[in-house]
Amino acid sequence: MLSFLMPVKNERNYIDEALKSISDVSSMPYEVIVVDDGSTDGTSDFVESLDYDFINLIRTEGVGKVAAFNLAYENAKGDFFILLAGDDRIDPEVVEKRVDPLLKVEKNCAAITLCKLKSFSENIKYDGMVLPKGKNIGLLSGGCMAFNRAFGDLAFPIPSALVNEDSWLVLHARFSHVSISHVPEVGIYYRIHENNSYKRGVGFDIVNLQMWNRQKATFYYLDKYFDELTKKQIKILMCESVVYSLRYLGLPFHILTMPSVPLSQKVKAIFHTSGFMYRLRERFYKFFSGR
(Lines give C-alpha, C1' and ligand atoms only; values in the text may rest on other atoms or scores of the structure.)
Protein backbone atom coordinates (compact mmCIF):
# COMPACT_ATOMS: atom_id res chain seq x y z
CA MET A 1 0.00 0.00 0.00
CA LEU A 2 1.03 3.60 -0.67
CA SER A 3 0.50 6.19 2.06
CA PHE A 4 0.23 9.88 1.25
CA LEU A 5 1.21 12.02 4.26
CA MET A 6 -0.66 15.33 4.25
CA PRO A 7 -0.38 17.69 7.24
CA VAL A 8 -2.53 20.75 6.62
CA LYS A 9 -3.50 23.99 8.27
CA ASN A 10 -6.16 26.32 6.86
CA GLU A 11 -6.19 24.71 3.42
CA ARG A 12 -9.96 24.78 2.92
CA ASN A 13 -9.61 26.59 -0.40
CA TYR A 14 -7.14 24.15 -1.95
CA ILE A 15 -7.33 20.71 -0.37
CA ASP A 16 -10.11 19.50 -2.66
CA GLU A 17 -7.72 19.86 -5.62
CA ALA A 18 -4.99 17.96 -3.78
CA LEU A 19 -7.30 15.09 -2.83
CA LYS A 20 -8.89 14.98 -6.29
CA SER A 21 -5.45 14.52 -7.85
CA ILE A 22 -4.82 11.57 -5.54
CA SER A 23 -8.25 10.05 -6.24
CA ASP A 24 -7.23 9.68 -9.88
CA VAL A 25 -4.49 7.19 -8.94
CA SER A 26 -5.57 3.79 -10.22
CA SER A 27 -2.35 1.80 -10.30
CA MET A 28 -2.18 0.68 -6.65
CA PRO A 29 -4.03 0.73 -3.31
CA TYR A 30 -3.43 3.85 -1.25
CA GLU A 31 -4.49 5.87 1.76
CA VAL A 32 -4.18 9.55 2.66
CA ILE A 33 -3.31 10.51 6.22
CA VAL A 34 -4.63 14.05 6.61
CA VAL A 35 -3.45 15.70 9.83
CA ASP A 36 -5.37 18.92 10.36
CA ASP A 37 -3.03 20.90 12.59
CA GLY A 38 -5.45 23.27 14.29
CA SER A 39 -7.18 24.81 11.25
CA THR A 40 -9.60 27.65 11.92
CA ASP A 41 -11.15 27.80 8.44
CA GLY A 42 -13.19 24.60 8.54
CA THR A 43 -10.65 22.41 6.74
CA SER A 44 -11.45 19.31 8.83
CA ASP A 45 -15.20 19.61 8.40
CA PHE A 46 -14.77 20.09 4.66
CA VAL A 47 -12.53 17.01 4.37
CA GLU A 48 -15.10 14.96 6.29
CA SER A 49 -17.81 16.11 3.88
CA LEU A 50 -15.95 14.74 0.86
CA ASP A 51 -16.95 11.34 -0.42
CA TYR A 52 -13.50 9.72 -0.26
CA ASP A 53 -13.05 6.44 1.57
CA PHE A 54 -9.26 6.57 1.40
CA ILE A 55 -8.85 9.41 3.93
CA ASN A 56 -7.75 8.93 7.53
CA LEU A 57 -8.40 12.32 9.15
CA ILE A 58 -6.58 13.23 12.36
CA ARG A 59 -7.27 16.50 14.16
CA THR A 60 -4.87 18.31 16.46
CA GLU A 61 -5.12 21.59 18.31
CA GLY A 62 -1.92 22.82 16.64
CA VAL A 63 1.24 20.80 17.31
CA GLY A 64 3.34 22.28 14.51
CA LYS A 65 4.22 21.12 11.01
CA VAL A 66 6.99 18.68 11.92
CA ALA A 67 4.99 17.04 14.72
CA ALA A 68 2.05 16.75 12.31
CA PHE A 69 4.26 14.92 9.81
CA ASN A 70 5.47 12.60 12.56
CA LEU A 71 1.88 11.92 13.55
CA ALA A 72 0.95 11.17 9.95
CA TYR A 73 3.82 8.70 9.61
CA GLU A 74 2.96 7.00 12.91
CA ASN A 75 -0.57 6.35 11.69
CA ALA A 76 0.29 5.28 8.15
CA LYS A 77 -0.13 1.64 7.15
CA GLY A 78 1.71 1.76 3.85
CA ASP A 79 4.94 0.21 2.67
CA PHE A 80 5.66 3.26 0.51
CA PHE A 81 5.17 6.96 1.13
CA ILE A 82 4.70 10.26 -0.69
CA LEU A 83 4.42 13.65 1.00
CA LEU A 84 1.89 16.11 -0.36
CA ALA A 85 0.89 19.54 0.92
CA GLY A 86 -2.78 20.39 1.05
CA ASP A 87 -2.34 23.17 -1.52
CA ASP A 88 -0.37 21.14 -4.10
CA ARG A 89 -1.29 18.44 -6.61
CA ILE A 90 0.30 15.23 -7.80
CA ASP A 91 0.34 13.82 -11.30
CA PRO A 92 -1.52 10.53 -10.83
CA GLU A 93 -0.01 9.12 -14.03
CA VAL A 94 3.51 9.40 -12.59
CA VAL A 95 2.81 7.82 -9.18
CA GLU A 96 3.43 4.27 -10.38
CA LYS A 97 6.73 5.31 -11.98
CA ARG A 98 7.78 6.91 -8.69
CA VAL A 99 7.00 3.80 -6.67
CA ASP A 100 8.07 1.07 -9.11
CA PRO A 101 11.85 1.32 -8.43
CA LEU A 102 11.14 0.91 -4.70
CA LEU A 103 9.50 -2.46 -5.36
CA LYS A 104 12.81 -3.76 -6.68
CA VAL A 105 14.74 -2.94 -3.50
CA GLU A 106 14.98 -5.30 -0.55
CA LYS A 107 12.64 -4.34 2.28
CA ASN A 108 15.41 -3.61 4.76
CA CYS A 109 17.26 -1.34 2.30
CA ALA A 110 16.35 2.36 2.62
CA ALA A 111 15.37 3.67 -0.80
CA ILE A 112 13.89 6.79 -2.39
CA THR A 113 12.95 8.00 -5.84
CA LEU A 114 13.09 11.61 -7.00
CA CYS A 115 10.72 13.13 -9.56
CA LYS A 116 10.57 16.63 -11.03
CA LEU A 117 8.48 19.52 -9.72
CA LYS A 118 6.53 22.12 -11.64
CA SER A 119 5.40 25.33 -9.99
CA PHE A 120 2.13 27.12 -10.56
CA SER A 121 1.18 30.53 -9.28
CA GLU A 122 -0.94 33.59 -9.99
CA ASN A 123 2.35 35.50 -9.90
CA ILE A 124 3.93 35.04 -13.33
CA LYS A 125 7.42 35.25 -11.83
CA TYR A 126 6.88 31.98 -10.00
CA ASP A 127 4.64 30.21 -12.51
CA GLY A 128 5.63 27.32 -14.76
CA MET A 129 9.11 26.54 -13.45
CA VAL A 130 10.31 22.93 -13.79
CA LEU A 131 12.90 21.77 -11.27
CA PRO A 132 15.60 20.65 -11.52
CA LYS A 133 17.00 21.89 -14.82
CA GLY A 134 18.92 18.68 -15.52
CA LYS A 135 17.19 16.49 -18.10
CA ASN A 136 17.60 13.08 -16.49
CA ILE A 137 17.33 13.85 -12.78
CA GLY A 138 14.64 14.48 -10.19
CA LEU A 139 14.65 17.11 -7.47
CA LEU A 140 16.21 16.30 -4.13
CA SER A 141 13.39 17.58 -1.93
CA GLY A 142 10.84 16.04 0.40
CA GLY A 143 7.87 16.69 -1.86
CA CYS A 144 9.57 15.02 -4.84
CA MET A 145 10.49 11.91 -2.87
CA ALA A 146 8.73 8.62 -2.82
CA PHE A 147 10.30 6.36 -0.21
CA ASN A 148 9.96 2.95 1.36
CA ARG A 149 9.35 2.16 5.00
CA ALA A 150 13.03 1.42 5.62
CA PHE A 151 13.85 5.02 4.72
CA GLY A 152 10.85 6.27 6.70
CA ASP A 153 11.97 4.43 9.80
CA LEU A 154 15.43 5.91 9.35
CA ALA A 155 14.25 9.52 9.02
CA PHE A 156 11.22 9.57 11.32
CA PRO A 157 10.49 10.94 13.80
CA ILE A 158 11.80 14.28 12.60
CA PRO A 159 13.28 16.35 15.48
CA SER A 160 10.47 18.45 16.89
CA ALA A 161 12.71 21.52 17.17
CA LEU A 162 12.94 21.80 13.37
CA VAL A 163 10.55 24.00 11.41
CA ASN A 164 10.20 21.81 8.32
CA GLU A 165 10.46 18.21 7.21
CA ASP A 166 12.25 18.77 3.92
CA SER A 167 15.77 19.59 5.14
CA TRP A 168 15.87 16.58 7.46
CA LEU A 169 14.76 14.12 4.77
CA VAL A 170 17.26 15.55 2.27
CA LEU A 171 20.13 15.11 4.74
CA HIS A 172 19.24 11.45 5.17
CA ALA A 173 19.11 11.02 1.41
CA ARG A 174 22.56 12.59 1.06
CA PHE A 175 24.46 11.08 3.97
CA SER A 176 22.73 7.88 5.05
CA HIS A 177 22.98 4.58 3.21
CA VAL A 178 20.12 5.12 0.79
CA SER A 179 19.37 3.80 -2.67
CA ILE A 180 18.32 6.69 -4.95
CA SER A 181 16.53 6.37 -8.29
CA HIS A 182 15.56 9.26 -10.55
CA VAL A 183 12.20 9.56 -12.27
CA PRO A 184 12.76 12.60 -14.53
CA GLU A 185 9.10 13.43 -15.03
CA VAL A 186 6.95 16.04 -13.31
CA GLY A 187 5.28 14.21 -10.46
CA ILE A 188 4.17 17.13 -8.31
CA TYR A 189 2.68 20.54 -9.00
CA TYR A 190 3.78 23.01 -6.36
CA ARG A 191 1.53 26.00 -5.68
CA ILE A 192 3.37 29.22 -4.84
CA HIS A 193 1.15 31.71 -3.03
CA GLU A 194 1.15 34.00 -0.02
CA ASN A 195 0.20 31.27 2.45
CA ASN A 196 3.18 28.97 1.78
CA SER A 197 5.07 28.10 4.94
CA TYR A 198 8.22 29.34 3.16
CA LYS A 199 7.45 32.90 2.09
CA ARG A 200 8.56 34.38 -1.23
CA GLY A 201 8.49 37.97 -2.33
CA VAL A 202 8.92 39.19 1.25
CA GLY A 203 11.61 41.32 2.88
CA PHE A 204 15.14 40.04 3.22
CA ASP A 205 15.00 39.92 7.03
CA ILE A 206 12.17 37.39 6.84
CA VAL A 207 13.93 35.34 4.16
CA ASN A 208 17.18 35.37 6.12
CA LEU A 209 15.47 34.01 9.23
CA GLN A 210 13.48 31.44 7.24
CA MET A 211 16.64 30.06 5.66
CA TRP A 212 18.50 29.99 8.97
CA ASN A 213 15.70 28.07 10.68
CA ARG A 214 15.64 25.50 7.88
CA GLN A 215 19.41 25.16 7.80
CA LYS A 216 19.46 24.28 11.49
CA ALA A 217 18.67 20.73 10.39
CA THR A 218 22.34 20.32 9.47
CA PHE A 219 23.44 21.01 13.05
CA TYR A 220 20.91 18.51 14.41
CA TYR A 221 21.96 15.89 11.87
CA LEU A 222 25.63 16.29 12.74
CA ASP A 223 24.87 16.01 16.44
CA LYS A 224 22.76 12.87 16.07
CA TYR A 225 24.90 10.95 13.59
CA PHE A 226 28.41 12.25 14.27
CA ASP A 227 29.75 8.86 15.37
CA GLU A 228 28.26 7.11 12.33
CA LEU A 229 29.51 9.52 9.67
CA THR A 230 32.79 9.21 7.78
CA LYS A 231 35.45 11.89 8.16
CA LYS A 232 34.66 13.09 4.64
CA GLN A 233 30.95 13.43 5.44
CA ILE A 234 31.69 15.29 8.67
CA LYS A 235 33.96 17.69 6.79
CA ILE A 236 31.25 18.38 4.18
CA LEU A 237 28.59 18.99 6.81
CA MET A 238 30.82 21.19 8.95
CA CYS A 239 31.81 23.28 5.92
CA GLU A 240 28.15 23.67 5.01
CA SER A 241 27.37 24.69 8.58
CA VAL A 242 30.02 27.41 8.40
CA VAL A 243 28.66 28.63 5.05
CA TYR A 244 25.14 28.79 6.51
CA SER A 245 26.42 30.80 9.47
CA LEU A 246 28.38 33.20 7.25
CA ARG A 247 25.35 33.62 4.99
CA TYR A 248 23.12 34.43 7.96
CA LEU A 249 25.66 36.99 9.21
CA GLY A 250 25.93 38.59 5.76
CA LEU A 251 29.60 37.86 5.04
CA PRO A 252 29.86 37.02 1.31
CA PHE A 253 33.61 37.44 0.95
CA HIS A 254 34.23 34.96 3.75
CA ILE A 255 32.00 32.49 1.92
CA LEU A 256 34.06 32.88 -1.26
CA THR A 257 37.24 31.88 0.58
CA MET A 258 35.71 28.73 2.09
CA PRO A 259 37.64 25.63 0.97
CA SER A 260 35.97 22.36 -0.08
CA VAL A 261 32.63 24.03 -0.84
CA PRO A 262 31.22 23.72 -4.38
CA LEU A 263 31.01 27.01 -6.29
CA SER A 264 27.28 26.54 -6.92
CA GLN A 265 26.65 26.35 -3.19
CA LYS A 266 28.75 29.45 -2.57
CA VAL A 267 26.85 31.41 -5.22
CA LYS A 268 23.48 30.37 -3.81
CA ALA A 269 24.56 31.44 -0.33
CA ILE A 270 25.99 34.76 -1.50
CA PHE A 271 22.70 35.69 -3.19
CA HIS A 272 21.09 35.45 0.25
CA THR A 273 23.60 37.45 2.27
CA SER A 274 22.06 40.92 1.92
CA GLY A 275 18.92 42.72 0.85
CA PHE A 276 20.60 43.92 -2.35
CA MET A 277 21.77 40.46 -3.40
CA TYR A 278 18.42 38.94 -2.53
CA ARG A 279 16.55 41.55 -4.61
CA LEU A 280 18.87 40.80 -7.52
CA ARG A 281 18.10 37.11 -7.26
CA GLU A 282 14.36 37.80 -7.05
CA ARG A 283 14.57 39.91 -10.20
CA PHE A 284 15.91 36.91 -12.12
CA TYR A 285 14.10 34.26 -10.08
CA LYS A 286 13.28 31.90 -12.95
CA PHE A 287 16.80 32.04 -14.35
CA PHE A 288 18.30 30.95 -11.04
CA SER A 289 15.54 28.52 -10.05
CA GLY A 290 14.29 26.47 -12.96
CA ARG A 291 13.24 26.31 -16.58
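Phe226 sits in the loop that runs between helix 7 (204-225) and helix 8 (231-249), where helices (H or I, at least four residues) and strands (E, at least two) are DSSP runs numbered from the N terminus. With a relative accessibility of 41%, Phe226 counts as partly exposed; in this scheme buried means under 20% relative accessible area, exposed means over 50%, and partly exposed lies in between, using a 1.4 Å probe and protein chains only. When its neighbours within four places in sequence are left aside, Phe226 is in contact with Tyr221 and Ile234, a contact being heavy atoms within 4.5 Å.

The structure is a predicted model, in which local features need pLDDT of at least 70 and side-chain atom pairs count only at pLDDT 80 or more, while totals for chains, interfaces and linings use all residues. Residues are numbered from 1 along each chain as its sequence is written, and side-chain values use heavy atoms, with hydrogens and water left out.

Turning to the whole protein, the secondary structure comes to 12 helices and nine strands. The C-alpha atoms fill a box of roughly 55 × 40 × 40 Å along the principal axes. The radius of gyration is 19 Å, which agrees with the value near 19 Å that a compact globule of 291 residues would have; this radius is taken over C-alpha atoms, and the globule rule is 2.2 Å times the number of residues to the power 0.38. Of the 291 residues, 53% are buried, and among contacts with a separation of 6 or more, 71% are between residues 24 or more positions apart. Helix 6 is mostly covered, since eight of its 10 residues are buried, and these are Ser167, Trp168, Leu169, Val170, Leu171, His172, Ala173 and Phe175.

Side chains of opposite charge can pair when their charged atoms come close. A search of the whole structure finds 10 salt bridges, each defined as a side-chain nitrogen of Lys or Arg within 4 Å of a carboxyl oxygen of Asp or Glu. The table gives some of these pairs.

| Salt bridge | N to O distance |
|---|---|
| Lys65 and Glu165 | 3.5 Å |
| Asp100 and Lys104 | 3.4 Å |
| Lys125 and Glu282 | 3.3 Å |

Lys65 is partly exposed, at a relative accessible area of 33%, whereas Glu165 is buried, at 9%.

As for the remaining pair in the table, Asp100 is partly exposed, with a relative accessible area of 31%, while Lys104 is exposed, with 67%. Apart from these pairs, Glu17, Arg89 and Arg191 are linked in a network of salt bridges.
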